Amino acid sequence: MNANELKITDLRVADIDGLPKHMILLKIYTNDPDIVGYGEVRDASSATYAKMLKSRLVGENPLNVEKLFNRIKQFGGHSRQGGGVSGIEIALWDIIGKFYRVPVYQLLGGKYRDKVRIYCDTDVEGKHTGTDMGNALKKRVKQGFTFLKMDLGIELLYDEPGTLNAPLGMIEDMKKYSMKAICHQSGSIDKSLMFGKNYDIFTIPHYATGIHLTEKGQEYLEDYVKQVRDVIGNEVPLAIDHFGHVAIEDAIKFSKRLEKYNIAWMEDLTPWQNTKDIKKFADNSFVPICTGEDIYLAENFEDVIKAGINTIHPDVLTVGGLGEMKKVGELCEKYGASLAIHMAESPIGFMAAIHAAAAIRNILAVEFHSVDHPEWFNLVNPTIKLENGFMKVPDAPGLGIESLNEELIEKFKKADCGKPWASTDEWNGEWSNDREWS
Ligand SMILES: [Mg+2]
């Protein structure tokens, strides 16, 4: 088929859950039956963010990725709302690669590396010690991983008397309503968290909870980190996430205790929009600070980096896709920040992250959440194979995914969502006057 004749004909989705998170897989069909583009909406999100854009894409030539991205980008937003635009942009790059028979990294300008370092997010269920966490992390090192991350937060203190200072009753509310959200690493945030008091508690920003760590609480967490380092040693990088929704001053105070433990970064210590608190941390701490997984569009990273973020952590399924990820890479170079890629999604989002990481000049690592879910690796053909904590950059056309494992998609389909790849015809008539000025 001539390039000018290629057209988008349909867009469909499949919601799956349990590997480990709620993931929304996306197919963009063309008038060439051999060319289907794969994309993905951000985890724990809504397929509506992609389906609402279908009528703006059908009939258009998918090879014009920048033109189509600029048409739909006004319908994306931060965090999960970026998932529709981002997933579609990735599927369009996949189509272009398949049509011209080149890998996506080549379309992005070529590759800086043949394999990408993977860093492994690790958690231990329930009440546990730093030694337990150290042992879980040591297992990752034995599996070949060369960069580690763990959660370290105030939920470890909930059952330790005298470790937290907060408006009386607040910690009980956090335990009652927000525990499921805090302990979601091995699962997905579900709808029940988004209603009533759950929603109120879940969405209080760090600076507004009124929660502080006591001296005893800080000692407890420092001892936890010491136990971890006693098991894994001091040589492997160790990042920390989910410190908890506490004031930035508490994070700064605690970070002084962390200086001797070689922490790669502390992540999302304040809402990323709060550049005042980012600057305060950066000005007063020697532990690197990281954020970015909820930021839509490269242009929104600039003020955050300038405030003093050391490691920028975008998600390819929120930032706007591969083109925006490349631009974030350029911003990191301009301001001297390091870049790691947040990734908690299916092999489609993973492969998009791998192609981006191959095509960006400086990259620390791509995140990974699915080591303990063997079926995750089989969701696509060819299956995903990590080698000693690295992922080889594939040379096959597009993202390098030949087909999806439809049997597994059926097996893991999300109960309260429609059938995988069901018709989206009800979205064919969706439209508005999309001009953003008069
Ligand atoms: Mg995170």
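The buried residues of helix α12 in this predicted model are Leu322, Gly323, Glu324, Met325, Val328, Gly329 and Cys332; a residue is buried if 20 or more other C-beta atoms, placed from the backbone, lie within 10 Å of its own. Helices are DSSP runs of H or I with at least four residues, strands are runs of E with at least two, and both are numbered from the N terminus. At 1.5 Å times one less than the number of residues, the 14 residues of α12 (residues 322-335) should span 20 Å, which agrees with the 20 Å between its end C-alpha atoms. Just after α12, Gly336 adopts a positive phi of about 70°.

Residues are numbered from 1 along each chain as its sequence is written. Local features need pLDDT of at least 70, side-chain atom pairs count only at pLDDT 80 or more, and totals for chains, interfaces and linings use all residues.

The protein chain contains 15 helices and 17 strands, and 47% of its 438 residues count as buried.

Beyond its neighbours within four places in sequence, Ala357 is in contact (C-beta atoms, placed from the backbone, within 7 Å) with Val116, Ile341, Ile363 and Val366.

How values were computed:
Contact = placed C-beta atoms within 7 Å. Buried ≥ 20, exposed ≤ 12 C-beta atoms within 10 Å, placed from the backbone.
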